[in-house]
Amino acid sequence: MSHRFTRFAVAVLALLAVTAAPQAARAVDTGSATFSKYVALGDSLTAGFSSGSINVDFQSSSYPSLIFQQATGQARTAFEQPLVSAPGLPPILELKQLVPIPVIGPKGGQGQPINLTLPRPYDNMAVPGANVHDVLFKKLSVDANDPTDLVLRKQGFTQLEQGLSLHPTFVTLWIGNNDALSAATNGNPALLTDAAQFDAEYKAIANNIAGLGAKMAVATIPDVTSIPFVTTLTRFIINPATGQPVLVGGNPVPLIGVDAGDFVLLSATRAEALGFGIPVALGGNGQPLPGNVVLTPSEVATIQARVAAYNTTIRSVASDKGAALVDANAVLADLATRGINVGGATFTAKFLSGGVFSYDGVHPTPFGYAFIANMFIDAINAKFGGHIPEVDLFPFVFKSAGKSVGADTPPFYFSPLCWDNLRTIFRDTQPQPTRKPPRRRGHH
């Protein structure tokens with residue numbers, strides 16, 4: 001941004017800052033890191049977004065609020081966030097039906113901002129849906145469902161400008177997930193941010209943070225093609241009355257337009273309910289499943305390669321700026337293969353039953369966010385020589401969505417409103433489903 005973050009912007013935003021009365025807090029050894037003013041920058045993962053919703057029930061256990069509590073000894077409520085009352089914005093997704101197959105849809109009602117009039121920028125400035133470019137340049141929402149105005153409040157300043165106006169002593173930066181996520185959730189690698197652009201803009205963000213003398217922790221980007229949104233559904237037709245594959249001649253019937261090795265996205269459930277991907281003889285419309293709800297192996301490889309390039313930039317910045325590095329890519333890959341055991345319960349990356357991912361198939365449960373907080377705490381302690389205590393995971397064990405669902409129940413249905421609620425956050429570029437032809441020859 002070099003340095004679009006001007007002294008004028010800092011001065012204007014500083015007028016919004018209020019000095020809160022000091023709170024009694026236990027002494028915590030944070031090493032050479034100082035948390036007297038901690039600011040979090042990022043996207044929905046940093047905002048505490050879960051089950052398709054910005055909701056105080058989840059925001060209260062966002063990983064930044066947990067880090068704040070552990071590093072300062074103060075209550076999480078002292079860490080200011082753009083809170084939204086239940087059932088959230090958009091309304092939280094919930095399990096509407098369990099048998100014969102799970103049905104997921106939004107809860108009724110609408111949440112409202114709780115502390116929109118806070119006379120200073122929030123400590124957690126993360127904007128759901130934001131990418132690297134947005135942190136540097138975006139100041140206003142682009143449509144009614146865009147949560148940017150909820151966080152930035154039309155002050156005329158970006159996420160970065162508002163966050164740094166608080167003169168933070170420590171910053172966590174986890175951004176870049178949406179530079180890759182929309183490509184995966186929309187089956188379209190063309191939505192990936194250019195690697196050179198990502199490199200330049202990420203380094204500009206880090207330069208501005210370091211320019212104020214703040215220490216920081218940064219995190220790599222997970223493999224977005226390994227999340228439940230991408231990996232859960234089978235490529236075969238499921239009988240909605242039984243939840244079992246449809247058999248013809250004793251063999252399962254593949255969806256039209258889907259080849260072996262393809263990934264069928266969670267968003268495909270709506271298209272399947274409308275008959276796409278299903279032969280006319282089996283009650284469908286005979287048209288192939290739309291390409292924007294399917295990822296081919298080559299598309300997955302393209303996305304993974306771009307994520308690797310982004311992570312090269314992030315690791316380079318961590319080294320150059322002396323930042324703590326949270327290798328979320330490696331840790332979450334390990335979670336997907338081995339799981340986590342807490343109090344005798346094993347948490348995995350499985351959709352509905354794993355306990356780590358929420359009902360939108362992308363964002364963590366409260367347990368998942370507590371686990372992420374510990375990833376950051378461990379990295380901060382290792383880099384800055386502190387002894388910040390980890391978050392006790394046990395209280396979060398019973399706050400994880402979907403624990404009552406069987407471990408092997410992948411067939412389910414996303415209601416139409418469910419996908420509509422998620423489209424803005426996933427930066428969808430077209431409505432679901434589209435009547436586009438097969439992307440490859442040989443589909444029947």
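**Figure 1. Helix α4 against helix α14.** In this predicted model, helix α4 (residues 63-72) and helix α14 (residues 366-384) have axes that come within 8 Å and cross at roughly 55 degrees. Axes here are lines fitted to C-alpha atoms, for helices over the stretch in contact, with angles running from 0 to 180 degrees between N-to-C directions. Helices (DSSP runs of H or I, at least four residues) and strands (runs of E, at least two) are numbered from the N terminus. The angle makes α4 and α14 oblique to each other; under 35 degrees counts as roughly parallel, over 145 as roughly antiparallel, 65 to 115 as roughly perpendicular and the rest as oblique. From α4, look for Tyr 63, Leu 66, Ile 67 and Gln 70, which meet Tyr 369, Ala 370, Ile 372, Ala 373, Phe 376 and Ile 377 of α14; contact means heavy atoms within 4.5 Å. These residues divide into 9 nonpolar, 1 polar and no charged, where Ala, Val, Leu, Ile, Met, Phe, Trp, Tyr, Cys and Pro count as nonpolar, Asp, Glu, Lys and Arg as charged, and the others, Gly among them, as polar.

**Figure 2. Helix α9 alongside helix α12.** The axes of α9 (residues 195-211) and α12 (residues 297-321) come within 10 Å, crossing at roughly 25 degrees, so the two helices are roughly parallel to each other. Their crossing is right-handed. On the α9 side you will find Ala 195, Phe 198, Asp 199, Tyr 202, Lys 203, Ala 206, Asn 207 and Ala 210, in contact with Arg 306, Ala 309, Tyr 310, Thr 313, Ile 314, Val 317 and Lys 321 of α12. By class, this contact holds 9 nonpolar, 2 polar and 4 charged residues.

**Figure 3. Helix α8 beside helix α12.** Helix α8 (residues 177-185) packs with α12 at an angle of about 175 degrees, their axes 10 Å apart. The pair is therefore roughly antiparallel. Asp 179, Ala 180, Ala 183 and Ala 184 of α8 meet Ile 303, Val 307 and Tyr 310 of α12. Here the residues are 6 nonpolar, no polar and 1 charged.

**Figure 4. Aromatic pairs.** The count comes to 12 aromatic pairs, with rings of Phe, Tyr and Trp (its six-membered ring) pairing if their centres lie within 6.5 Å, and planes under 30 degrees apart counting as stacked, over 60 as edge-to-face and the rest as tilted. Phe 35 and Tyr 38 form an edge-to-face pair, 5.7 Å centre to centre with 70 degrees between the planes. Both Phe 35 and Tyr 38 are buried, that is, under 20% relative accessible area, with over 50% exposed and partly exposed in between (1.4 Å probe, protein chains only). The rings of Phe 198 and Tyr 202 are stacked, because their centres are 5.6 Å apart and their planes at 20 degrees. Phe 198 and Tyr 202 lie 4 residues apart in α9, so about one helical turn separates them, and both are buried.

**Figure 5. An aromatic cluster.** Ring pairs link Phe 35, Tyr 38, Phe 68, Phe 79, Phe 170 and Phe 384 into a cluster.

**Notes to the figures.** Residues are numbered from 1 along each chain as its sequence is written, and side-chain values use heavy atoms, leaving out hydrogens and water. As the model is predicted, local features need pLDDT of at least 70 and side-chain atom pairs count only at pLDDT 80 or more, while totals for chains, interfaces and linings use all residues.

Technical notes. Left-handed = near helix turned anticlockwise from the far one by under 90°.
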